[in-house]
Amino acid sequence: MNLDLTSRTGGGTATVTGGPEKAPPSSAPPASTPPADARTPDTSAAAGLVPAIQRRLGRGKSIPFGRLLGPLLLVLAWWGASAAGWLDPRKLSSPASVVTSAQELWVSGRLQESVQASLSRALLGLLIGVAAGVVLALASGLSRVGDAVVDGTLQVKRSIPNLALLPLLILWLGIGETMKVVVIALGVTVGIYINTHAALVSIDARYVELAEAQRLSRWVFLRKVVLPAALPGFFTGLRLAVTAAWLGLIVVEQINATSGIGYMMFQAQQYAQSGIILVGLVLYGTFGFASDALVRLVEGRVLSWRRTITA
Amino acid sequence: MATYDHRLSDGGPVAEAVESAAVRVNGLTRSFGDRQVLRNVDLTLARGEFTALLGRSGSGKSTLLRAVAGLDHTTVGTGEILVPRRVSLVFQDSRLLPWLRILDNVVLGLPGDDARERGRAALDEVSLGGRASAWPHELSGGEQQRAALARSLVSEPELLLADEPFGSLDALTRIRMHRLLRRLYERHRPAVLLVTHDVDEAVTLADRVLVLDDGDFVLDLRIDLPADRDPGDPLFQRHRTTLLGALGALPDDRTKDTEEPS
Ligand SMILES: Nc1ncnc2c1ncn2[C@@H]1O[C@H](COP(=O)(O)OP(=O)(O)OP(=O)(O)O)[C@@H](O)[C@H]1O
Ligand SMILES: [Mg+2]
């Protein structure tokens, strides 16, 4: 078959015969993978030609463990300020005395006990909250009836901070563990719900059309199209939810707790032990940081098909 | 006017009515607002017939194709459309799901235990056998469209609908895709309805070319050329001129002006 290309190919043929030998060799290196350094501007080039280098608009390569850099700098500054004697040890103890406090707490077993109490609270609240958020998002994202019943309610809940619900929850559930877990779960549910629901209802119409053209059953459509499309939204929600869980934890541990990191800090406040208070803060910060990193890790694995600007 | 329910053709006694024809359309109208895009269109496609649908931009080609594909749930209109049970659709974009690997995209919705085997065979047919586990974004535009072609053929359709499937490809890739499509067509023999605005593409590929203008067909042209077509052939040129005339795209055309319908 010899098809006449002239009417349609136009400049396209140039891509086959290749441009390099047509261009002045001094200014335009071959287009095929020159190392970046080889592309340095050659000002002696023929008039009107510029080096084929574009400003890189992406964010560039990621720094390994780069996320740790900021917190480390902060600790370093704290250390320096303490050593220089700029900080009143009664108000803010030095990192060294915080480490000593942590050691003492560890030896007495109070540290492990408090961490365990707090972690199990936060984790339980998180699990219940995520499950509830996902179920509600599916109910309202996939059916009009569910949407009518659930969505408005959750939007109302969204505008009432958990703090405002506390008096009622304490009245209903007392000040025990149940109330604490419920408060944490409530905060988590909303974050998961809002983002997962938004992702479910904003699915690309072109994919729905494809699913119809392929005659997918409703179940396959859900499994292969809707849920994968909603996963990025779910993960956004999950990262917010994890933050919400720690926040909820800190709030509920201020209320008559008899165990946990918050309780440990409250007692330290009574005896003006700023070292222990700082141990608690560092713990909260570390857990928040580590859990976010964990969610990101899982997100990266699950959404490996995504090619984003951070890649 | 009522919204037409395309599901009439899904099985049931109506499907039996389709015997010699692959598509039968009677009195099809479609409107957007007050604008009637299709006016009482009748169309019969024979089994195994390769038909190209030409028309100016906005002439209603996609509207007709989407109606035949049963995808225009919300469009207002009347008429009867009968299609075979197995219909496949190729879109202008490859429309691969980015979260499924190529093979999983190809077998999406394909029933049977041997689905993956058939998917691999279909990928081999479009020379993508080695890319089964690649992500869609790792493929070039032409490769993506070949994967989409594999997805549409793996179900052995009796009717293949395609809306400008090569519109986004460069000219050379497009010519290779023409040969591929023609080869696949000759092997599988589905009826094909190919929407295009490229006259050469229509004459190169199809055995019959329909021209849509102002809501109805203005030309139904048989292309009696050998399978391996030479654009230099005088008959090829004559068909080309006829079609360009019907499209109002000839410089010395006196019967029709070339301005876009409003
Ligand atoms: N969803 C819609 N809502 C309103 N008008 C529409 C819609 N879809 C199509 N139209 C109108 O119907 C007419 C026919 O559209 P259609 O997409 O069928 O044209 P086409 O022949 O496929 O054109 P092209 O070659 O540019 O793809 C156009 O005037 C278009 O503006
Ligand atoms: Mg169109």
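**View 1. The shell around ligand 1 divides into two nonpolar, six polar and four charged residues.** Here Ala, Val, Leu, Ile, Met, Phe, Trp, Tyr, Cys and Pro count as nonpolar, Asp, Glu, Lys and Arg as charged, and the others, Gly among them, as polar. The residues around the ligand are Phe32(B), Arg35(B), Val37(B), Arg56(B), Ser57(B), Gly58(B), Ser59(B), Gly60(B), Lys61(B), Ser62(B), Thr63(B) and Glu164(B); a residue is included if one of its heavy atoms lies within 4 Å of the ligand. This is a predicted model, in which local features need pLDDT of at least 70 and side-chain atom pairs count only at pLDDT 80 or more, while totals for chains, interfaces and linings use all residues. Residues are numbered from 1 along each chain as its sequence is written, chains are lettered from A and ligands numbered from 1 in the order in which they are written, and side-chain values use heavy atoms, with hydrogens and water left out.

View 2. A polar contact is a pair of N or O atoms within 3.5 Å. An oxygen atom of ligand 1 is 2.5 Å from an N or O atom in the side chain of Thr63(B). Taken alone, ligand 1 exposes 630 Å², and the protein buries 57% of that; the areas come from the Shrake-Rupley method with a 1.4 Å probe. Two elements of chain B, β2 (35-46) and α2 (61-69), each give two or more residues to the shell. The largest share, three residues, comes from α2(B). Helices (H or I, at least four residues) and strands (E, at least two) are DSSP runs, numbered from the N terminus.

**View 3. Strand β3 (residues 50-55) of chain B is largely enclosed by the rest of the structure, because six of its six residues are buried.** Buried means under 20% relative accessible area (1.4 Å probe, protein chains only). Phe50(B), Ala52(B) and Leu54(B) cover one side, and Thr51(B), Leu53(B) and Gly55(B) lie on the other, all of them buried.

View 4. Two strands pair if DSSP finds at least two bridges between them. Ala52(B) has Leu194(B) in β7(B) as its bridge partner, and Leu54(B) has Val211(B) in β8(B).

**View 5. β8(B) and β9(B) form a hairpin with two residues between them.** These strands pair in the antiparallel sense over six bridges, β9 being residues 216-222. Asp213(B) is the bridge partner of Asp216(B). In the turn, Asp214(B) has a positive phi of about 50°.

Methods. Buried means under 20% relative accessible area, exposed over 50%, partly exposed in between (1.4 Å probe, protein chains only). A polar contact is a pair of N or O atoms within 3.5 Å; within protein, one must be able to donate a hydrogen and the other to accept it, and residues adjacent in sequence count only if both atoms are side-chain atoms.
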